[in-house]
Amino acid sequence: MTKKEFRLANEYRYNRSGPVRWIVSHVLRYPLFPLGAILAAILNNWAYSYRQVLIGQAFDLISSAGWQTRALLMVALTLVGWAVVQGVTGLARNFAVEFIAQRIERDARDELYASLLGKSQTFHGRQRIGDIMARATEDVRMLNFMFSPGLMLITDSAMALLVPLVLIARLDWRLLLVPLIFSGLLALTVADYNRRLKPVSIALRDQFGTMNAGLAEAIAGIEVVKANAQEPREWASFARNARLYRDHFVAQGAIQARYLPMLAFTLAWAGGFLHALLLWRAGAISLGHVVAFVGLMGSLRFPTQISIFSFNLVQLGIAGAGRILELINTETELDENEAGVARPIRGEVVFEQVSFRYNGNPVLQEISFVAHPGETVAIVGQTGSGKTTLTRLINRIFDADEGRVLVDGVDVRDWNLESLRQQISTIEQDVFLFSRTLAENIAFGCADADQAAIEQAARQAQAHEFIESFAEGYNTVVGERGVTLSGGQRQRIAIARAFLTNPRILILDDSTSAIDSATEDQIQRAMRRISRERTTFIITHRLSQIRWADRILVLRRGRLVDQGRHEELMARCEDYRRIFARYE
Amino acid sequence: MGFVLDGLETESYDRNYSDRELVRRIVRYFRPYGRQMLVVAVMVTLNSAAGTGGPILIARAIDLVKTDSSTPMLLLLAAGVLLMGAAAWGFNYVQQLFTARVVGNVVLQLRQDVFQATMGHDLSFYDEHPSGKIVSRVTSDTQDFSNVVTLVMDLLSQVLLVVILSIWLLTIHLWLTLLLVGMAPLAAVIALRFRRVARQVTQQARRARATINAQIQESISGIVVAKSFRQEGAIYATFDANNRQAYRVGLRRGLTLNTIFPIMGLASGLGVATLVYAGGLATRGGMVTPGDWYLFMQAVGFFWWPMMSIASFWSQFQDGLSASERVFALMDAEPRVVQTASEPVERLEGHIEFRHVHFAYNRQEVVLPDFSLEIHPGETVALVGHTGAGKSSIARLITRFYEFQGGEILIDGRDIRRLDLAQYRRHIGLVPQEPFLFTGTVRDNIRYGRPEASDEEVYAAAMQISHGEWLADLPNGLDTDVGERGASLSMGQRQLVALARVILKDPAILILDEATSSVDPFTETQIQEGLEALMRGRTAIVIAHRLSTVKHADRTLVLDHGQIIEEGTHDELLARGGLYAGLYNTYFRHQSLEYIESFGRQ
């Protein structure tokens, strides 16, 4: 039983031991649809192929002396009947598969989403949203395509091959000779064609991608291209790509032109015709049978052509299912430690010789510092110096590989995870807001907060003023009617939210900068107010915050190169002094 | 061929070509391959003839064997069927082979031409047209065009086959043939009607899907926030509603699209039934033999499918023609920057003069009504002002990215319009606001403006910025791969690479559009130090967003509505208390040391 933080009331249990099994268990949730689809496909192909048998009968009829019009009318009416059966079963087959395809997409997305909700914050702290999105939209759609049209066409082609064979056997079993040989030949030639086409098609597609990417780059950088007078070079590079594309295109054309299955079909058609005529001469079958047989052979043309495309879709679907399952089956490594320390946090954070690696690469090395309760700690360093990772060790999105992280003197691994996290809040650089009202966004997580409390929080966060400037005020729905909030405004909404939830430790990623001084003022005020009375870690580029922080941590390539107050750093840290030296 | 919108947005340079003009342009591209096209035409004809021959032969055979069923006869007939099929396959092979070659070459030529034309446009063109759309014209539209050519070749042989067969059938029985041919429009009508419905649901579904995808994106991005506030139940309810809606929309589209083939199957079945009966009656008179009757039966298949594919490919055909129209329009758009001469530019002092320059992006938007300015060699001039004051326009006129409408711009006393543009631009160093890096290494990117520079020169240029300490922060130094458009480097590092690129170029005139994005203070210091190194000893025009830049400039120009309102050094301007003082309060105050220090007192 896996650990989960969220569970649906009546969850359907799927088999998650492998992509194919998982897909099958999804289909078997609605057993009537696949059953109906297969039955309908058999009937549909029977109706379609039986047309040829009836034509043969009609031929015999009109070839006989003194035939009755009524008899021919009967055949024609039977044809109408089978045409109706063909139409109806065709619809039934397509609809059944469509239902399966759409439901699988819906169910898989639902399953994935529920499982994502069940995963810990640790998982989400590590996962990239773009990656999850790709699986929840693209891979899930692949599952849909895999059934409609993929598996539908495969089922149908199989039936379109089998049913005529059965009908031919019913005419005279000896007639099976040529079509059976043809089936073998077909399998061989199609496999061969596929084998030859695949590498060329992939090369062609890749080359199109290369050409497109190169072109897009040249055009996006056109200012630089022109400023450096490098147009001839870009042209040469594009022409080279376009020429390579042409070469692949011609190579693909040559392979497609030599489509041997069609030649095999021609051979079978002539051979079958001869065989049927010989049987007719021997008196085994009527000329009408010959006619029916030739017609049935003709209907083998369709499955010869369609299957390649559909097998590809099925492969893509299974690959997509694999990726979705991988996400669903990912276990969270951190344990909740329910028996751990659970009590109000005062706010002391201590790092003792902390090192951390990610995928084998050292991200943080031997970090040690002490942050006292209520202090504001500014973390400064280049992109990639380990600033964000450092903060994630505090709320255990990651665990240190070496050394210890202590909160109030207790190793974070000995805290009850729930208790620890409830008292630590993070405001990301890119603040996410729901498409709900601003009031709801501020009160998210504190459903019992009343309007007065919300407004109070917004005032403290310097957000009240701009919220009131919207026509709908606090009832403005984010994202609707062109209401978009700037990064600075989103940030202040998040700060207002933090005023309501009142965490003991706050982690603020503030790497964006305001362009104008007025906005800057407001953001600064909001931040100073929220950082009072709680331990605050700020990842920032703002000199005013660095200048007045109680403690500054200077990170460079995963190492803490220096720490202390502004004055201390000015006195001993050369890199730090250079920053401020420019202002004198 | 009129212009078919087909849901594609048009661009201002799009034009309507007359059918004749369009065909003439297309034919011009095929002309060099006249001989190959002739081969294709012959093969198409032969292919259709052989394709018709098979069924006719079988029909004849069925009548013949009744009178002569000797073994040689049967062998002969079967051999005939085989020969016809094999010949059709062979003709088809040659046809496709040649088509692929010709189409490949034509598309290559088209792409090269359109790329060349695109590169020739000035930047006003790129401002007006999103780069994604230009890219899609050069690659995707040419692709659509080639698909259509291939499609037409295939359809042509199918149609020709129907025509040959119809003529043959007409010689057998007039009314029966008319009955058969009458089915073709029926198939077309069904297909066309269906296409309309299908388009409607597809468009609805696409719109709905876009909304739903956005909602799902929000639900997924929201998971993290929801979890930290324990709101999983609430957010799941939202997701569930979105997901169900997506299911309903998708299902409606899927079910609608899935009706066509069963309906077509039903219709063709009814057609066969009619012909079985009518044809049977015709055999009574002896005018039609049972073999001929069977030929009519086979013909139904031949008639039905080409009509359907023409109907369903009609939109593709139209799309392809409009694609070619779009490609030609892109080629024919006229460049606005025109050089009247190409005088060589060997070296530059860096003297710049604007004399009563009038400049407008378009008729409504005059940016510089009457602008005059002189910049001396080696001088650093900072431009400040609100958005739209004309700062970038001045910089971009010097790079000759835009055409101006009145007055003149003199570089070292020479008319900018008479210079060899490629040579002139070698003396200009541009640092754009968003640093742009090309796929490759840091070294490749520094070398971009001077491909012939040696490794030592590249290294020396990089060392000029903060003594090269920034290289130590790159995992492989100069050989670090920058990723797609520099994605593997931080924003600050990209700016440093762009600076080194210009340092290596050693230009006489530097144009700098300062970045507004925020960078960590260490990298920011390196960038500032690099900029100072770069500006030393050359003419520099800076669109300033950094207070320190303005302070370091020899002269600051305060612009408003395309005019210089104030002019002087930072201190002089601030003391004056005019427009600059206002700009300072809006944009620069929070960058000052006083501001930083003031926070301690709060």
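Author: Chain A is divided into domain 1 (14-172 + 307-333) and domain 2 (349-581), with bounds that come from an automatic or database domain assignment. This is a predicted model, where local features need pLDDT of at least 70, side-chain atom pairs count only at pLDDT 80 or more, and totals for chains, interfaces and linings use all residues. Residues are numbered from 1 along each chain as its sequence is written, while chains are lettered from A and ligands numbered from 1 in the order in which they are written.

Reader: How many residues does each domain of chain A bring to the contact?

Author: Four from domain 1 and four from domain 2, counting residues whose C-beta atoms, placed from the backbone, lie within 7 Å. The C-alpha centres of the two domains sit 52 Å apart.

Reader: And how do I read a helix pair?

Author: Two packed helices are described by the angle between their axes and the distance between the axes. Axes here are lines fitted to C-alpha atoms, for helices over the stretch in contact, with angles from 0 to 180 degrees between N-to-C directions. Helices (H or I, at least four residues) and strands (E, at least two) are DSSP runs, numbered from the N terminus. In chain A, the axes of α5 (residues 129-171) and α10 (residues 287-298) come within 10 Å and cross at roughly 165 degrees. So α5(A) and α10(A) are roughly antiparallel, the word for angles over 145 degrees.

Reader: Which residues of α5(A) and α10(A) meet?

Author: A:P164, A:L167, A:I168 and A:L171 in α5(A) meet A:H289, A:A292, A:F293 and A:L296 in α10(A). That contact splits into seven nonpolar, one polar and no charged residues. Nonpolar covers Ala, Val, Leu, Ile, Met, Phe, Trp, Tyr, Cys and Pro; charged covers Asp, Glu, Lys and Arg; the others, Gly among them, are polar.

Reader: What about α6 and α8 of chain B?

Author: The axes of α6(B) (residues 174-228) and α8(B) (residues 260-284) come within 11 Å, crossing at roughly 170 degrees. That makes α6(B) roughly antiparallel to α8(B). Their contact has 14 nonpolar, three polar and no charged residues.

Reader: What is the strand order in the open sheet of chain B?

Author: β2-β1-β4-β5, with antiparallel pairing; strands pair if DSSP finds at least two bridges between them. The edge strands, β2 (366-375) and β5 (414-415) of chain B, each pair on one side only. Five bridges join β1(B) (residues 352-360) to β4(B) (residues 406-411), and B:I352 has B:I411 as its bridge partner in β4(B).

Technical notes. Angles under 35 degrees count as roughly parallel, over 145 as roughly antiparallel, 65 to 115 as roughly perpendicular and the rest as oblique. Two residues are in contact if their C-beta atoms, placed from the backbone, lie within 7 Å.
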